[in-house]
Amino acid sequence: MMGLLIDGELREAADGKTYDNINPATEQTIGQAPDASRSDVEAAVGAARRAFEDLEWSRDPTFRAHCLRQLLEGLRAEQEHLRRILIDEAGVPVALTHSIWLDTIIDSVSYWADLSESYPYETQLTAHATLAGVSSRRMILREPIGVVAAITPWNYPLPLNIFKVAAALAAGCSVVLKPAPDTPWSGTALGRIIAERTDVPDGIVNVVTSADPLIGEALVRDRRVDMITFTGSTEVGRRIMASAADNVTRVCLELGGKSANIVLDDADLPALAAGIAGVCAHAGQGCALPTRLLLPRSRYDEGLAVAQAAFESVSCGDPNDPDVIVGPVINTRQRDRILTMIERGKQEARILVGGAPASMPFGYYVEPTLFCDVEPDAVIAQEEIFGPVLAVIPYDDDDHAVEIANNSIYGLSGAVHSADIDRAMAVARRLRTGTVGINGGVWLAADTPFGGYKQSGLGRELGTDGFAEFLETKSIALPA
């Protein structure tokens, strides 16, 4: 069993409790995880608070960069072990682990190491008369915010653990990481690598796992926590905001999405097949996936044929199979929720492909499901399903497409396809979303801010914008 990491010690939960870690592809127990209690969370926060206050960590970016480079090498050394964890506990298809679920994410740690050393923490302003009429020299200091509570989901467990922890460490913060109950080992493995393979001081990184998803409430409400960074559903994000308000704790939230893929009438439709099928990757468990496909009425039947062929070419399978991109969903509760949404969709639109549990002997599988003739206000066009489900919506012209795309409480991502780049850019600029890919362009990178408009979140991850989320700003004035 992998242990909690609290104040530099890899250990069991204080009361010795554990819970089963279940493989969603086999429904079998693969091992145990520590079932932390509130006392464990309080100990972790206390360790993080002491470490931040008492150590030089927050004031030594060179040492932080050194530790992050050690982490990079530690992750590389254990890359295959981490790959096994992702497949076994999250059901991530092995083919996907060679991209953003693992391999390229590990390399991103070097970005945070470099940024820790190069970031302009101090800016000098020229001396001139201030608003008070007094000539003064001023400097702007950017300092680490303090103790960060990082709460992560099960769909991209290791990537988000790394993103949040590495950025917070680079900025000089201490961290308490609480992974999702369904993917505890992606958190405990990271904690162990930090404890065993880096010089990160005791207490700077703490990892607590629990079967109780509400154990995060203890983190969110603790006055010793200076910031909460959370990735998950909008529903839970709202609760975190409400709880954080009591202490006016800063929150950075990356929440749900219902992104639109706008295919303009001059696009090369056959070339889009792979991208359309890609919405089913990891069983559609991605907040930024373009789960609404907007097709022009003038080419609607042609577009539907491409989409149908794309979905029919994708099947569920064993995540250990290198040809599979659609593995299981995370648990029986999530599978049942997706199937309920599909049944609602059958009342609202026409189904072309799928629509049932996949015929696997065991595991939490759902067939890739394609709906067409979907109205923009239909439930399956408005609510995040978080499964391998695509809703196809017809539109009249570019203005109509933008209107439909923006008709959502979410604003996380989007895509535009056109033979005319200028036309695609014009549409992209009108979308109320945090990211947009044009003609297959990929925005996800360590140096590119990621986050949403509207109810898709607050703040940004990645890039210097994401780094700044972990910093406070202090202004100092001196006589001229």
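In which loop is Val248 found? In this predicted model, Val248 belongs to the loop that links helix H10 (234-244) and strand S11 (250-254). The backbone at Val248 is worth a look, as its phi is positive, at about 50°, although Val248 is not a glycine. Val248 has a relative accessibility of 73%, and because exposed means over 50%, Val248 counts as exposed.

A second residue with a positive phi is Ala283, where the angle is near 60° and the residue is again something other than glycine. Ala283 also sits in a loop, here the one between helix H11 (273-277) and strand S13 (292-296). The relative accessibility of Ala283 is 1%; buried means under 20%, so Ala283 counts as buried.

The axes of helix H15 (residues 398-406) and helix H16 (residues 421-430) come within 10 Å, and they cross at roughly 35°. The crossing of H15 past H16 is right-handed. On the H15 side, the residues that take part in the contact are Asp398, Asp399, Val402 and Asn406, and they meet Arg423, Val427 and Arg430 of H16. Sorted by class, the contact of H15 with H16 holds 4 charged residues, 2 nonpolar residues and 1 polar residue.

Technical notes. Residues numbered from 1 in each chain as written. Predicted model: local features only at pLDDT ≥ 70, side-chain atom pairs only at ≥ 80, totals over all residues. Heavy atoms only, no water. Helix = DSSP H or I, 4+ residues; strand = E, 2+ residues; numbered from the N terminus. Buried < 20%, exposed > 50% of the residue type's maximum accessible area, 1.4 Å probe, protein only. Axes fitted to C-alpha atoms, helices over the stretch in contact; angles between N-to-C directions. Left-handed = near helix turned anticlockwise from the far one by under 90°. Contact = heavy atoms within 4.5 Å. Nonpolar A, V, L, I, M, F, W, Y, C, P; charged D, E, K, R; others polar.
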